[in-house]
Amino acid sequence: MIKCSSCNTEVTNDYVKFKCPNCGKAVITRCLKCRKNAIPYTCPECGFTGP
Ligand SMILES: [Zn+2]
Ligand SMILES: [Zn+2]
């Protein structure tokens, strides 16, 4: 099960996945809703917060 890193909602196919720009270790997952609304995410590895 994949969860959005911003709103913690389970995502299925409408999401984006990218590595944390700060530490490059954690994979951030964001649903399209959060991406569209520019909800910030927090990296679970280093605590980096980004738009
Ligand atoms: Zn979300
Ligand atoms: Zn990180």
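Trainee: Why is Cys20 called buried?

Mentor: Cys20 has a relative accessibility of 3%. Buried means under 20% relative accessible area, exposed means over 50%, and partly exposed lies in between, with a 1.4 Å probe and protein chains only. Cys20 at 3% therefore counts as buried. Please note that this is a predicted model, in which local features need pLDDT of at least 70 and side-chain atom pairs count only at pLDDT 80 or more, while totals for chains, interfaces and linings use all residues. Residues are numbered from 1 along each chain as its sequence is written, chains are lettered from A and ligands numbered from 1 in the order in which they are written, and side-chain values use heavy atoms, leaving out hydrogens and water.

Trainee: What makes Cys23 partly exposed or buried?

Mentor: Its relative accessibility is 27%, so Cys23 counts as partly exposed.

Trainee: Which residues coordinate the zinc ion (ligand 2)?

Mentor: Cys20, Cys23, Cys43 and Cys46 do so, each through SG, at 2.2 to 2.3 Å. A donor is an N, O or S atom within 2.8 Å of the metal (3.2 Å for Na, K and Ca); water is not among the atoms, so sites may look incomplete. Along the sequence these donor residues are spaced C-x2-C-x19-C-x2-C.

Trainee: What makes the arrangement around the zinc ion (ligand 1) tetrahedral?

Mentor: Its protein donors are the SG atoms of Cys4, Cys7, Cys31 and Cys34, lying 2.3 Å from the ion. Four donors count as tetrahedral if all angles lie between 85 and 135 degrees; four count as square planar and six as octahedral if opposite donors are over 155 degrees apart and all others between 65 and 115; anything else is irregular. The angles around the zinc ion (ligand 1) are 103 to 116°, so the arrangement is tetrahedral. The site of the zinc ion (ligand 2) is tetrahedral too, with angles of 104 to 115°.

Trainee: Where do the nonpolar residues gather, and which make up the largest nonpolar core?

Mentor: The largest nonpolar core has five residues: Cys20, Ala26, Ile28, Tyr41 and Cys43. Such a core is a set of buried Ala, Val, Leu, Ile, Met, Phe, Trp, Tyr and Cys residues joined through side-chain atoms within 4.5 Å. Beyond four places in sequence, Ile28 touches residues including Val16, Phe18 and Pro44, where contact means heavy atoms within 4.5 Å.

Trainee: How do you know whether Thr29 is buried or exposed?

Mentor: Thr29 has a relative accessible area of 7%, and is therefore buried. Thr29 lies in strand E4; helices (H or I, at least four residues) and strands (E, at least two) are DSSP runs, numbered from the N terminus.

Trainee: Why is Asn8 called exposed?

Mentor: Asn8 counts as exposed because its relative accessibility is 52%. Asn8 sits in the loop between strand E1 (2–3) and strand E2 (10–11), and its phi is near 65°, a positive value in a residue other than glycine.

Trainee: What makes the protein chain as compact as a globular protein of its length?

Mentor: The chain follows the pattern β-β-β-β-α-β-β. Its radius of gyration is 10 Å, close to the 10 Å that the globule rule gives for 51 residues, so the chain is as compact as a globular protein of that length. The radius is taken over C-alpha atoms, and the rule is 2.2 Å times the number of residues to the power 0.38.
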